[in-house]
Amino acid sequence: MSSKTKSLRTPLGRVRGLGAAKEGVQHWWAQRLTALAIIPLGLWFVGGVLAHLGADQASVQAWLAGPCTGTLAILLLVALFYHSSLGLQVVVEDYCHTEWLKIASLVVIKFAAFFLATLSIISVLKMMFGG
Amino acid sequence: MADATPAQRPRPLSPHLQIYKPQITSIMSILHRATGIALSVGLIVLAWWIAAAAGEAPYFDFVSAVLGSWIGVIALAGWSFCFFYHLLNGIRHLLWDAGWGFELPQVYASGRAVFVGAVVLTLAAIVIGATVW
Ligand code: HEM
């Protein structure tokens, strides 16, 4: 392709950032890494929730306020919300072909994931240190 | 590449849902996506429950009552199945990423194992849950 239009940009400057994969490898790897973390942590947490079905607030707090359980819960929450937002991003990119709607959806997903992750992590910290 | 620009050349069509017959493989693939989306919605409830656990006692009791209502129980059972299915099928994905299990018989066998495993684990969770509650 010979470029007939005059441009001040170098060929390198034009193609930079336009590769099909962009940040793909980092995204792919983080999706797998968080998945791997959720396998043991998620099974542990589901077991804990099953054991506390119908329990009162004090026993739920006693469960999550310990240094080990609290730490595991926070690690799980980080992995969960990261994994979920990466996954939902792919879904939006696959189905949403209107640029502004795609960007808007991604902003909503990322903000919601950050908000809910922060809310739930602060809640665990409060149970650990709130006394 | 010299004469035909991408816009003029006919592009390959993706395997469209109304053209390809449903197969176990395609059903399982779309189920992984569907359960991933359902679980992401479930994370909202998870954050709500944890925040309530750290908050005022009456509000935690209210959240417990919502989750203990029949709608809540059905939703929790549904999320249990989504979790176990997505988890087991996710392991299947990770094994593929590691290069294992690409032969068609293995793909079908692991797919069946995921289905059976997810149903068994969900039923086990429901039985344990019903006993504890
Ligand atoms: C509550 C927990 C989880 C949530 C909310 C969640 C959410 C999601 C979402 C929304 C996607 C994108 C689906 C798609 O692109 O079609 C996804 C993909 C994926 N999930 Fe999860 N997930 C969870 C747990 C897990 C676990 C425990 C594993 C364990 C192995 C896992 C493994 C994967 C893998 C490998 C993918 C990528 C699939 C692909 O490339 O098509 N996920 N997840």
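Author: Chain B carries 6 positive and 5 negative side chains, and 18 Å separates the centres of the two sets. In this count Lys and Arg are positive and Asp and Glu negative, while His and the chain ends are left out; each charge is placed at NZ of Lys, CZ of Arg, CG of Asp or CD of Glu. The model is a predicted one, in which local features need pLDDT of at least 70 and side-chain atom pairs pLDDT 80 or more, whereas totals for chains, interfaces and linings use all residues. Residues are numbered from 1 along each chain as its sequence is written, chains are lettered from A and ligands numbered from 1 in the order in which they are written, and side-chain values use heavy atoms, without hydrogens and water.

As to the fold, chain B has four helices and zero strands, in the order α-α-α-α along the sequence. Its radius of gyration is 21 Å, well over the 14 Å that the globule rule gives for 133 residues, so chain B is more spread out than a compact globule. That radius is taken over C-alpha atoms, and the rule is 2.2 Å times the number of residues to the power 0.38. Helices are DSSP runs of H or I with at least four residues, and strands are runs of E with at least two, numbered from the N terminus. The C-alpha trace of chain B spans about 70 × 35 × 30 Å along its principal axes.

Of the 133 residues in chain B, 30% are buried, that is, under 20% relative accessible area, with exposed meaning over 50% and partly exposed in between (1.4 Å probe, protein chains only). The chain exposes about 8500 Å², of which carbon and sulfur atoms supply 73%; these areas come from the Shrake-Rupley method with a 1.4 Å probe, and for residues only the protein chains shown count as cover.

Leaving aside residues up to four places away in sequence, His32(B) touches Tyr85(B), His86(B), Asn89(B), Gly90(B) and His93(B), a contact being heavy atoms within 4.5 Å. Leu43(B) also lies in helix 1 of chain B and is buried at 9% relative accessibility. With the sequence neighbours up to four places away again excluded, Leu43(B) touches Leu80(A), Phe81(A) and Ser84(A).
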